[in-house]
Amino acid sequence: MGETLAGRYELVDPLGEGGAGVVWRAWDHRTRRYVAAKVMRQSDAGSLLRFVREQAVRIEHPHVLTPLGWAGEDDRVLLTMPIVSGGSAATLVGDHGALPPVWVATLLDQLLAALEVIHAAGLVHRDVKPANLLLDATGGGLPRVRLADFGVAAAVDQPRLTHVTHAVGTLGYAAPEALTAGWDPDPRADLYGAGLTAVELLTARRPSDATDVAAELVRAEVPVDLARLLLDLTAADPKDRPDSAAAARAALASTGLVARADDDLGAHGVEVFDQLPPLPRGWGSGGPEPAGPHRTAPDATGQVPDAPAAGSPEADPGTDATRTEIGPATREEPRSTRGAGGAPAAVDPPAAPPRRPARPMPRLGLALVTLGTLMVVVAAVLLTR
Amino acid sequence: MTVERNRAEQVELYGEPLADVFARLTAGLHLSQAGLARAIGMSPPMLSQLGSAHRVKIGNPAVLHRLEALQALLEEVEAGRVGEDELPARIEAVRDSSRTWSTSRLDLAATPAAGTDRDVVEATTVRQLLRAVASGADLRRAADLLHDDVPGLAELVRTYGLGSPEEAAAHLRRHRELF
């Protein structure tokens, strides 16, 4: 018998480990279906804040993956989401290498459609990257993107939740302006992330501060219209980017590369596999099997075995090297000492320092200041305990 | 039969069927199939497709690079230069290694284990070196290009790049006296 949380969600097997907890396949006894459940400890204030933000996102759209609900019990909270079984765009690149332009244009089109509604709702995602583009297991057919992980999404005009000014995002994908102090969330930062994501899908190379996007696109022989749009999206100055996701999407449509049906994809051998492991003993498609002697779900504190990514934007052991290369998948860095002693609620546990300075050079200094600030904040937390 | 043709193409590209490569690595490094997939950055379903020769080629160069790094690690284990207790950390290091060509590095075996045939060791080094810089298909194309003008070089590329270690060692033995 697996552990049941909140009298409702029975944990079946771990699907992966994310930045803010373990993602489980869970059986929802109330709705009688499997869900992905991100289980977090309440002691981690940083994750809790993200959790609050994430569960507040309620957008109904075919390309946006939003939480189903949440529950808290004792020292743990869990956030449930629909299970998405095809891994992420990062998984796809790990399996196939550089993707054909028609695939990338199609994925980018769906991503921009998702960003359109998110931005229309007054939100900025702030962490657009391949590992957050989850995919349905559509095999060789038309892919379906579900933009996930709203843990760091922010309202454009909403007061900050903490006194510490934050820069969030994943190094390498974050827009240059998003890494400067006092930056207010701007939808065009998501367009930058979308552009770099497309570049990575086309080249199978992770972006870094040394990436010469134009040279990479030429080397990958990307069609000129698409390359031009990606250069616009990844412009350092937000003013040089398309005005909106809708405008970028229109430019993308005019390249003629976006597939609308299976046949438009051509025969490239690209396939979005079903990444879900088989259900453990005692579990069937209809839930727990009473005939089974013992169900084998381990308790929620157990180690996560080798399991493919599914249902979780962060759970992508195959190809999401972000965590391993630069610390947590998503970093929240305090940028100001203002309020450091007062409300350090949103500071993540100290992470490995960034592997490289962020995009423009002056940020090396900023990174050092940040590191110093982080240490002060951590000290403040320890002292006030 | 498609699977047989695919397997033959894998031999051309990688020197042997990928099923053999995967089996040796899982056994020698104590990894599950899923653990191996995770270490090289490929999904388990894709690993299974390649292992069963339903697909021929590893599409992502960085993944191939990590696979080669694991093979090099296995050789070190077999030569007794890496202890079993160091394995988890070494595998983790391969998994975390950078995904770009420019910064990833393939360590060729540095010192031969005692008691091994010098010809075999040296031929293997050349073989690894060729395969580190070019794919099987590249080597074959290069050999074809050289064939008319410099047949000796074409044979060298073909023997060391595409042949078995034994063939390469025999080639070296035949030519050593000319050094």
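Between which two strands of chain A is the loop where A:Arg126 is found? Hold that thought for a moment while we set up.

What you have open is a predicted model, so local features here need pLDDT of at least 70, side-chain atom pairs count only at pLDDT 80 or more, and totals for chains, interfaces and linings use all residues. Residues are numbered from 1 along each chain as its sequence is written, while chains are lettered from A and ligands numbered from 1 in the order in which they are written.

**Stop 1: A:Arg126**

Select A:Arg126. You'll land in the loop between strand E7 (123–124) and strand E8 (133–135) of chain A. Helices (H or I, at least four residues) and strands (E, at least two) are DSSP runs, numbered from the N terminus. A:Arg126 is not a glycine, yet has a positive phi of about 70 degrees. Is A:Arg126 buried or exposed? Buried, because 27 other C-beta atoms lie within 10 Å. The rule goes like this: 20 or more other C-beta atoms within 10 Å of a residue's own means buried, 12 or fewer means exposed, and in between is partly exposed, with C-beta atoms placed from the backbone.

**Stop 2: A:Ala204**

Now jump to A:Ala204, in the loop between helix H4 (187–203) and helix H5 (213–219) of chain A. A:Ala204 has a positive phi too, near 60 degrees, and is a residue other than glycine. A:Ala204 counts as buried because 21 other C-beta atoms sit within 10 Å.

**Stop 3**

Select residues 21–28 of chain A, which is strand E3; seven of its eight residues are buried, so the strand is mostly covered.

**Stop 3: two helices of chain A**

Show helix H3 (residues 101–120) and helix H7 (residues 245–253) of chain A, whose axes come within 8 Å and cross at roughly 160 degrees. That angle makes H3(A) roughly antiparallel to H7(A). Axes are lines fitted to C-alpha atoms, for helices over the stretch in contact, and angles run from 0 to 180 degrees between N-to-C directions. Under 35 degrees counts as roughly parallel, over 145 as roughly antiparallel, 65 to 115 as roughly perpendicular, and the rest as oblique.

The crossing of H3(A) and H7(A) is left-handed. The near helix is turned from the far one by less than a right angle, anticlockwise for left-handed and clockwise for right-handed.

Residues making the contact include A:Leu108, A:Leu112 and A:Leu115 of H3(A), and A:Ala248, A:Arg249 and A:Leu252 of H7(A). Contact means that the C-beta atoms of two residues, placed from the backbone, lie within 7 Å. The residues of this H3(A)–H7(A) contact divide into nine nonpolar, one polar and three charged. Here Ala, Val, Leu, Ile, Met, Phe, Trp, Tyr, Cys and Pro count as nonpolar, Asp, Glu, Lys and Arg as charged, and the others, Gly among them, as polar.

While you're in helix H7 of chain A, click on A:Ala253. A:Ala253 is partly exposed, because 14 other C-beta atoms are within 10 Å. A:Ala253 and A:Ala105 are 148 residues apart in sequence but 8.6 Å apart in space, C-alpha to C-alpha.

Zoom out before you leave: chain A has nine helices and 14 strands, and 49% of its 385 residues count as buried.

**Stop 4: over to chain B**

Which secondary structure does chain B have? Ten helices and zero strands. Of the 179 residues in chain B, 32% are buried.

Select helix H7 (residues 118–133) and helix H10 (residues 165–176) of chain B; the axes come within 8 Å and cross at roughly 110 degrees. H7(B) and H10(B) are therefore roughly perpendicular to each other, and their crossing is right-handed. Among the residues that meet are B:Val120, B:Ala123 and B:Val126 in H7(B), and B:Ala168 and B:Leu172 in H10(B). By class, this H7(B)–H10(B) contact has seven nonpolar, one polar and four charged residues.

B:Glu155 counts as partly exposed because 15 C-beta neighbours are inside 10 Å. B:Ala143 is twelve residues away along the chain, and the C-alpha atoms of B:Glu155 and B:Ala143 are separated by 7.1 Å.
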